[in-house]
Amino acid sequence: MNNSTSSTLLPGDAEASPGGGPARRPEKASRPGRRRELSERNRPLWMLIPGGVLMTVIIVVPLLLGVYMSLLDLDQYTLRKWVSAPFIGLANYVEALTQSELLHSVWLSISYSVIAMAVTLPLGVAAAIATQNTFRGRALIRSVFLIPYVLPSFVVATVWRTMFQPDGVITAALHSMGIEPGLFLNGPNSYWTLILVQIWASWPFIYLMALSGLQAVDHEVHEAAALDGTLWWSKLRYVIFPYLKGPLSLAVLIGLLHHFNNFTLPFVLFGMPAPQDVAVLPYLTYETSFQSFRFGLSAAMAVASLILVAIPLFVYLRAVRLDDADSTGGRK
């Protein structure tokens with residue numbers, strides 16, 4: 001009787017063929033299935049391609065062209081050459097800082113933005129608190145509050161320009177009270193005119209952001225404060241304001257950047273050329289480019305404006321990241 005020995009195949013061992021031929025390994029998973037799995041795993045990245053291409057064409061390419069133009073001696077005489085205009089390096093930046101009104105315009109933009117925000121912030125918060133609770137006619141009052149925000153800047157500036165004319169409604173009303181107001185659209189009063197119009201046009205944005213923060217306050221928190229007999233000021237400080245910290249911080253940042261970059265309002269309100277007291281940075285950049293035809297110099301001013309805008313934005317993003325790290329217990 002022939003003894004037959006049985007062998008057990010270990011994982012990875014070759015399986016003998018019936019005829020004692022060469023061993024054949026088991027087939028692995030098919031490559032099409034693996035490719036399909038990788039494709040499904042990377043599908044979100046593929047979905048970002050259209051947006052990335054659009055951002056590159058609309059934002060990145062013009063930004064790089066603007067930076068390159070700021071290094072050229074590009075004016076009305078060399079415009080035909082464009083990218084082949086004489087390369088002068090940082091000469092436009094030096095001229096912008098030493099010989100132009102750039103620093104004065106930066107100071108005007110910053111000061112008018114801060115003053116307008118300092119007024120609109122408490123005004124918007126007060127309006128949000130006043131219209132938070134339900135009362136008769138609340139929907140109508142909320143709609144009226146949003147009128148300055150929904151109107152285009154061009155319309156707002158045109159209406160106020162008509163009212164501030166020497167024979168306008170505001171001047172006539174002040175004359176009837178025995179007040180000699182002077183000129184609103186020229187001279188030193190033009191600076192405060194710009195701030196007044198900016199406050200009227202932008203405070204509803206703070207109102208909306210504060211109202212959204214108030215909606216996040218839990219109703220039980222109000223009931224607990226009422227049961228404890230908390231005074232209204234203590235309730236605002238220790239109950240309401242902590243919920244408004246995040247929305248108002250974002251609103252202040254967006255509002256400051258909007259005021260700083262606002263071109264339509266001063267351009268339509270004061271026309272061309274504008275008084276020296278309202279020649280903010282966007283207005284000066286436009287005037288340098290399309291009135292003096294110094295395109296390279298105006299590009300340098302635009303790059304300087306971009307840097308100034310990026311500073312508070314970076315500080316805000318850094319603060320938000322640190323707050324998230326502290327709240328989650330992660331590393332800074």
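Helix 3 has a kink of about 40 degrees, centred on Thr 56. The model is predicted.

**Helix 3**
- Helix 3 runs over residues 49-69, which makes 21 residues.
- At 1.5 Å a residue, helix 3 should span 30 Å.
- Its end C-alpha atoms are 28 Å apart, which agrees with that span.
- The kink centred on Thr 56 falls within this helix.

**Helix 10**
- Helix 10 covers residues 189-215.
- Its 27 residues should span 39 Å at 1.5 Å a residue.
- The end C-alpha atoms of helix 10 are 40 Å apart, and this agrees.
- Helix 10 is mostly covered, with 20 of its 27 residues buried.
- Trp 200 lies in helix 10.
- Trp 200 has a relative accessible area of 31%, so this residue counts as partly exposed.

**Nonpolar surface patch**
- Trp 200 also belongs to a nonpolar surface patch of about 960 Å².
- Other members of the patch include Leu 140, Val 144, Ile 147, Tyr 149, Phe 154, Val 159 and Leu 208.
- Four helices each supply at least two residues of the patch: helix 6 (138-145), helix 7 (147-150), helix 8 (153-163) and helix 10 (189-215).

**Salt bridge**
- The count comes to one salt bridge.
- In this bridge the side chains of Arg 294 and Glu 95 meet, at 3.0 Å from N to O.
- Arg 294 lies in the loop between helix 14 (281-290) and helix 15 (295-328), and Glu 95 lies in helix 4 (residues 91-98), so the pair ties together parts that are 199 residues apart in sequence.
- Arg 294 is partly exposed, with a relative accessible area of 24%.
- Glu 95 is partly exposed too, with a relative accessible area of 21%.

**A buried threonine**
- Thr 171 sits in helix 9 (residues 169-176).
- Buried means under 20% relative accessible area. Thr 171 has 4%, so this residue counts as buried.
- Leaving aside residues up to four places away in sequence, Thr 171 touches Met 163, Phe 164, Gln 165, Pro 166, Pro 181 and Phe 184.

Conventions. Residues are numbered from 1 along each chain as its sequence is written. This is a predicted model: local features need pLDDT of at least 70, side-chain atom pairs count only at pLDDT 80 or more; totals for chains, interfaces and linings use all residues. Side-chain values use heavy atoms; hydrogens and water are left out. The expected span of a helix is 1.5 Å times one less than its number of residues. The bend at a residue is the angle between axes fitted to the seven residues ending there and the seven starting there. Buried means under 20% relative accessible area, exposed over 50%, partly exposed in between (1.4 Å probe, protein chains only). Contact means heavy atoms within 4.5 Å. Patches are made of residues with over 30% relative accessible area and no salt bridge: like charges are joined within 9 Å, nonpolar side chains (Val, Leu, Ile, Met, Phe, Trp, Tyr) within 5 Å. Accessible areas come from the Shrake-Rupley method with a 1.4 Å probe; for residues, only the protein chains shown count as cover. A salt bridge is a side-chain nitrogen of Lys or Arg within 4 Å of a carboxyl oxygen of Asp or Glu.
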